[in-house]
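Please read it alongside the sequence and the model.

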Amino acid sequence: MNKFVFFGGKGGVGKTTVSCAYGLRSAREGLKTLVVSTDPAHSTSDVFDQQFGDEPKAVEGYDDLWAMEIDPDEEVERHMQEIKRTMSDQVSPSIVNEIDRQIELAHRTPGAYEAALFDRFIDVMRDSEEYDRVVFDTSPTGGTLRLLSLPDFLESWIERLVKKREKSIDLYEKAAIGEREARKKVADDPIIARLTERKQMFEFAGETLRNDATFFLVLNPDELSIRETRRAIGDLSEYGLGVEGLVVNKIAPEPDAGEEGTGAQYLRQRHDTEHERIRQIDEEFPEPVVARIRQRVEEVKGDLLDDVAAELDIEVAPEVSV
Ligand SMILES: Nc1ncnc2c1ncn2[C@@H]1O[C@H](COP(=O)(O)OP(=O)(O)OP(=O)(O)O)[C@@H](O)[C@H]1O
Ligand SMILES: [Mg+2]
């Protein structure tokens, strides 16, 4: 298994639950594991009955298990403040307010939310040397993955900027400081430096996702969830990223034969519908179903988490490089 493992899927299907269960399994096998959650509802805190924040924290009661929660709203805010700061160094004070307003507007678009979150993901991947396994309870979606094509786009932008800057360095200055110095000055340009840094960051993200990450999709046995899975597989494959397997979660149990009460009848019909959806999933998707998890009576936490972890037919051992 790769170092980075992502569990994607529609809202509420069980991404956080399955990620925590898989994280727990990795930790139980002695891998130092970090579970990274991004949902604003902070459900990792619910699963482990412990508050987590923006930095990794050891999960109490377990060895080798760490968790952190990234708050997307805070990320957008932080991202915005950072851009404002970088920009205000570059422009004249008279237009700082106008620029700030534009930056704020830009950060209200839905893409900004994903972009800020993805930035933080990349940070976590970069700073994860001390962990053997990092489990993300969401997977990058179409919008986020589009950011992976940024390096090519930035490259041509940077080239054009460098040319412009070279031209704009005053001829007198060139005469005074010489060609080589002028080149150096271009390289020192803070905007070009920033673009170059962004380009390298997204290059790193693309390479890491392609070489060191494995993707799973969690779904429930219903039509909406199946549709979302189809879309997510399409999005990932557009960027050369394959889905290793599907986790079908929240499967209703079948009542015993002979039980005929209203509740039992409902459950039987529900079970039959889900059975049909699972058949559809098996038939339609080439990706294997790596777990079929029963719907529990209660939320999955505590000992139940170990039970769910045992139901995951997903390898844990890290990839051995030869
Ligand atoms: N197999 C199960 N049996 C019973 N309850 C479950 C099961 N799997 C998940 N749940 C419960 O369903 C709710 C949603 O699960 P979870 O938070 O893992 O979903 P999610 O995909 O992470 O949601 P979100 O998209 O909101 O982040 C939680 O209350 C969780 O305890
Ligand atoms: Mg969640």
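How many residues does helix α11 have, and how far does α11 reach from its first C-alpha to its last?

## Basis of the model

This is a predicted model, in which local features need pLDDT of at least 70 and side-chain atom pairs count only at pLDDT 80 or more, while totals for chains, interfaces and linings use all residues. Residues are numbered from 1 along each chain as its sequence is written, chains are lettered from A and ligands numbered from 1 in the order in which they are written, and side-chain values use heavy atoms, with hydrogens and water left out.

## Helix α11

Helix α11, at residues 262–284, has 23 residues and reaches 33 Å between its first and last C-alpha atoms, close to the 33 Å expected at 1.5 Å a residue. Helices are DSSP runs of H or I with at least four residues, strands are runs of E with at least two, and both are numbered from the N terminus; the expected span is 1.5 Å times one less than the number of residues.

The buried residues of α11 (buried means under 20% relative accessible area, with a 1.4 Å probe and protein chains only) are A264, H271, E274, R277, I278 and I281. These residues pack against β6 (213–219), α10 (223–238), β7 (243–251) and β8 (289–294), where contact means heavy atoms within 4.5 Å.

## Helix α10

With 16 residues, α10 reaches 23 Å from its first C-alpha to its last, close to the expected 22 Å. Its buried residues are S225, I226, T229, A232, I233, D235 and L236, and their cover includes α6 (142–145), β6, β7 and α11.

At the start of α10, a side-chain oxygen of D222 reaches to within 3.3 Å of the backbone nitrogen of L224, whereas just after α10, G240 takes a positive phi of about 75 degrees.

## Lysine 15

K15 lies in helix α1, at residues 15–28, and is buried, with a relative accessible area of 14%. The side chain of K15 reaches the backbone oxygen of G9 at 3.3 Å; not counting residues up to four places away in sequence, K15 touches F7, G8, G9, K10, D137, T138 and V218.

## The chain as a whole

The protein chain contains twelve helices and eight strands, and its C-alpha trace spans about 95 × 45 × 40 Å along the principal axes. Of its 322 residues, 46% are buried, and among contacts with a separation of 6 or more, 74% are between residues 24 or more positions apart.

Notes: Buried means under 20% relative accessible area, exposed over 50%, partly exposed in between (1.4 Å probe, protein chains only). A polar contact is a pair of N or O atoms within 3.5 Å; within protein, one must be able to donate a hydrogen and the other to accept it, and residues adjacent in sequence count only if both atoms are side-chain atoms.
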